[in-house]
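Subject: Structure for your review

Dear colleague,

Please find below the structure that I promised to hand over to you.

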Amino acid sequence: MASTEKRRIAVTGIGMVTPVGNTTEETWAALLAGKSGAAPISNFDASGFSTTIGAEVKGFDAASAVPDPRLLKCASRSHGFALAAAAEALADAGISPTPEDSHRWGLAVGAGMMSVAYDDLKVVHDYATDENGYFDADGLMKPDFPASPVNFCRWQSNAGLGLLAKQFGIRGYATSVHTACASGGQAIGSALKAMRRGQCDFMLAGGFDSMLNPIGISGFCLLGALSTDNDNPTGASRPFDKTRNGFVLGEGSGFLVLEDWDKAIERGATIYAELAGDGNSLSCYRITDSPPDGNGPIQAIHQALGDADTTIEEIDYVNAHGTSTQMNDRSECAAMKAVFGERIDEVRVSSTKSCMGHLIAAAGAVEAAVCCLAIRDGIAPINANYENPDPDCDVNLVVGEPRPGRIRAALTNSLGFGGSNSSLVFRNPENVNSKEVS
Amino acid sequence: MKNASEKIVITGRGIVCGAGATPDDVWSVLESGETAVGPYSQWDGEKWPVQVAAEVKENNRTLVPDRKLHKTISRTDMFGIYAADQAIAESELLAHRDALEETEQGPFNDRTGLIVGAGGGNYSSNYDYLPLITEAEGSLQKFGSELSNMVTPMWLLKNLPNNVLCHVGIRGQLKGTNACITNQCSSGIMAVAESASAIWNGEADRIVAAGHDSPFEPEMVLYYHKLGLMSSEAPKPFDEQRSGTIFGEGAASVVLERESDAEARGAEVLGEFLGFGCCSEATGILDLDPDGDGVRRAIEQALDDADLAPSDVGLICAHGNGTRASDLTESIGIRHVFGDAIPPVTGFKWAYGHLIAASGIVDIVMTLEALRRKSAPGIPTCEKVDPEIGDFPVSTESVTPSSDVALVICRGFGGMNVVVALRATS
């Protein structure tokens, strides 16, 4: 690996739509204040489900986020979040594709699962089932069956990608990935690789998801993956706490604008951080369970550090995957302890899922953005709701108050169902400069 | 862009589609000129406007013998697992690993990647909820409370888009870099392109790339039909009478590694990955640039990436899905690059239908086969090239590629265009 010749990549724009805020600064302020986005689900009648709470995006106006009515029609709820977050990221960076450079702009997204809307499934049900509810294909041939091409478009696996490319005129490399909860991290990793190999000069990279609908939440309820603390929504997500009992389902989107470091400097851009390293491994253990010894996540973290030409010594903050399930948090802590050794007592660690809930395919992207903001402001957001220590999770959690202190580099982990692990390293721009001087 | 001294070669292939479950079987169908598109069996098509498809005929247990595994995977996953198993077996990659010293096996696994292109989801998977909707009589509250009595707890796991990644990984302990690409039609071909890039980049020493899909299902047929994208018979790419595409289903897989590594372990080299191009036309979900802009740019990128001149290309395997707009704009894009010197063009969807997420990777395996055999099957359903397309070198008969280099073109929703350049090793 020719590490010395790696192209340096800058993060120059951030956009976020999350359960704790519909913009980056609103989200960041809420995370620093330890404000929870969880509440009883209001998007639909969830009263019969084993879990009735979730972390919903609130007061989101899709029409103002997606000015083109043709695009808006084809946009699902999560696509609306994506278009809004991406627009914010581009505005923040102060650049966007032009006809001259649009072919050098790329797009990498972590997209949510293609889960059908309940209302659409209900229509299929009403036309195309027998008396027991079993599917009967001929029902779709009834002349009045409302087959909607718009719904079909919205449902395509790369619909979000297509809408983003169109809205912003991105004509270069484009990829859409889905590795469950690791999707957002993997998308940003894919973007880094595409930029390093010279395929793009600018990239919009992020993730979006919304499974807070009857079909989306059903899959997790069936698996027993969600917290059932329905009477205590704001305390339900408590990563690393001994009494943790599942995650709180969230929704939203996060996007970063990435560009060539030298070009960003040249145009006088504000640089949040260097996107310095990507690590990516497969646990090959079980489909939902995490390896108790951290084998899998360990390799991803090592790779990310190596890819960033750094060591554990430079990492001052870890934004953990920390879902608040028994297995994930134990496995992740085992991995962190294996990699960081004694230094784990000095590195600030928090899972912002304690406030935002689990944004699934968007989680890694939103948490990457959190790392950039933590570096910018020199402060680590809190791991809320941590009360009962778990000896398996004895890492240096940021509890109570956000913890100030310069962050030279930050690490974020995203560990998905199916065993995909993504780790990213972001470096403080001042450390990039001092590195070059020395 | 890449380290030119490192050749990336293909040392294993797997394929399953309506035309067969080995490269040789599928080749026989392509050579015979007899399409595998025919009446389907998954539902009664009598009342349907489209009554044919290219269904996989092999039964589940032939493809994936592990009975337990079938409880946690869907039909598309079965295809992907089968194809990856075949490719890994042909490459003898794991046999090689298992012969290493035990201490070397862990690092070998950590440096072995797996990149999968997946369809991302099926309408039919959601039908598991239909009896619950009946039971709930329109009440969402009851839907929630009866959920666990009516739907399998495994539902989400059975339908994860990244299942093939997970299960092939577990079976082979492929623990290195990985991705599951869900980019509609571009997914499978991008899995191959990203794999080669990752090896060039030093992220892994070898990668299994796979792509799988089972788009053939009632709602998909209906919506494609409503959008005017479906034919009622085997597709007729580039023909003046073409009226749309027909679904296939299946998967393909290739094993990629450095030529030097393949030689060192004595693996048979089947072909070489030369480079790729990938771009969006920024036209939204369904629309296409009328000037073939994305096709042109993706071809130019692939040629540049592979250090090739247009005149080096001896064969083009076109996307050729048989729809009016896609075939026309594809031909325009090709003409922009090659002018009057277009190499022989073929395409295989007339034989095994359109496999959507798996379409590009299935075409890669069969294009490699055509280069190796120095014979490119024609498009027997293209009897008269569309005058609007003009003079275009497609043939109903087999032709001889004019060199050992081919381009595979894959187009998809989202304005996607991906082109891969391959060379045969004979």
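Predicted model: local features only at pLDDT ≥ 70, side-chain atom pairs only at ≥ 80, totals over all residues.

**The interface between the chains**

Chain A and chain B bury about 7,200 Å² between them, and carbon and sulfur atoms give 66% of that area. On the side of chain A, the three residues that supply more than any other three are Phe152(A), Arg197(A) and Leu222(A), with 10% of the area that chain A buries against chain B. The contact draws 81 residues from chain A and 88 residues from chain B.

Side chains of opposite charge can pair when their charged atoms come close. Across this interface there are 5 salt bridges.

**Salt bridges within the chains**

Over all chains, the structure holds 57 salt bridges. In chain A, Asp229(A) and Arg238(A) are joined by one at 2.7 Å, N to O. Asp229(A) is buried, with a relative accessible area of 15%, and Arg238(A) is also buried, at 9%. Another salt bridge links Glu259(A) to Arg267(A), with the closest N and O atoms 2.6 Å apart. Here Glu259(A) is buried at 0% relative accessible area, whereas Arg267(A) is partly exposed at 33%.

In chain B, Arg258(B) and Asp261(B) meet in a salt bridge of 2.9 Å, N to O. Arg258(B) is buried, at 13% relative accessible area, while Asp261(B) is partly exposed, at 27%.

**How helices pack**

In chain A, the axes of helix α8 (residues 183–196) and helix α15 (residues 363–377) come within 5 Å and cross at roughly 65°. The two helices α8(A) and α15(A) are therefore roughly perpendicular to each other. Gly184(A), Gly185(A) and Ile188(A) make the contact from α8(A), and Gly364(A), Ala365(A) and Ala368(A) make it from α15(A). These contact residues comprise 3 nonpolar, 3 polar and no charged.

In chain B, helix α1 (residues 23–32) packs with helix α16 (residues 359–372) at an angle of about 75°, and the axes are 10 Å apart. This angle makes α1(B) roughly perpendicular to α16(B). From α1(B), the contact involves Pro23(B), Asp24(B), Val26(B), Trp27(B) and Leu30(B), and from α16(B) it involves Val365(B), Met366(B), Glu369(B) and Ala370(B). Of these residues, 7 are nonpolar, none is polar and 2 are charged.

**An enclosed helix and the residue after it**

Helix α12 (residues 297–307) of chain A has 8 buried residues out of 11, so this helix is largely enclosed by the rest of the structure. Among the buried residues are Pro297(A), Ile301(A) and Leu305(A).

Just after α12(A) comes Asp309(A), with a positive phi of about 50°, although Asp309(A) is not a glycine. Asp309(A) lies in the loop between α12 and β9 (315–319) of chain A and is partly exposed, at 37% relative accessibility. Asn385(A) is another residue other than glycine with a positive phi, near 65°. Asn385(A) is found in the loop between β11 (379–380) and β12 (403–404) of chain A, and it is partly exposed at 25%.

**Two buried residues**

Ser422(A) is part of strand β14 (residues 420–427) of chain A. With a relative accessible area of 0%, Ser422(A) is buried. The residues that Ser422(A) touches beyond four places in sequence include Gly185(A), which also belongs to the contact of α8(A) with α15(A).

Asn321(B) sits in the loop between β9 (315–317) and α14 (324–338) of chain B. Asn321(B) counts as buried, at 9% relative accessibility. Although Asn321(B) and Lys236(B) are 85 residues apart in sequence, their C-alpha atoms are 8.0 Å apart in space. Beyond four places in sequence, Asn321(B) is in contact with residues including Pro235(B), Lys349(B) and His354(B).

Yours sincerely

Conventions: Residues numbered from 1 in each chain as written. Chains lettered and ligands numbered in written order. Heavy atoms only, no water. Axes fitted to C-alpha atoms, helices over the stretch in contact; angles between N-to-C directions. Helix = DSSP H or I, 4+ residues; strand = E, 2+ residues; numbered from the N terminus. Parallel < 35°, antiparallel > 145°, perpendicular 65-115°, else oblique. Contact = heavy atoms within 4.5 Å. Nonpolar A, V, L, I, M, F, W, Y, C, P; charged D, E, K, R; others polar. Buried < 20%, exposed > 50% of the residue type's maximum accessible area, 1.4 Å probe, protein only. Buried area = accessible area lost by both parts, 1.4 Å probe. Salt bridge = Lys/Arg side-chain N within 4 Å of Asp/Glu carboxyl O.
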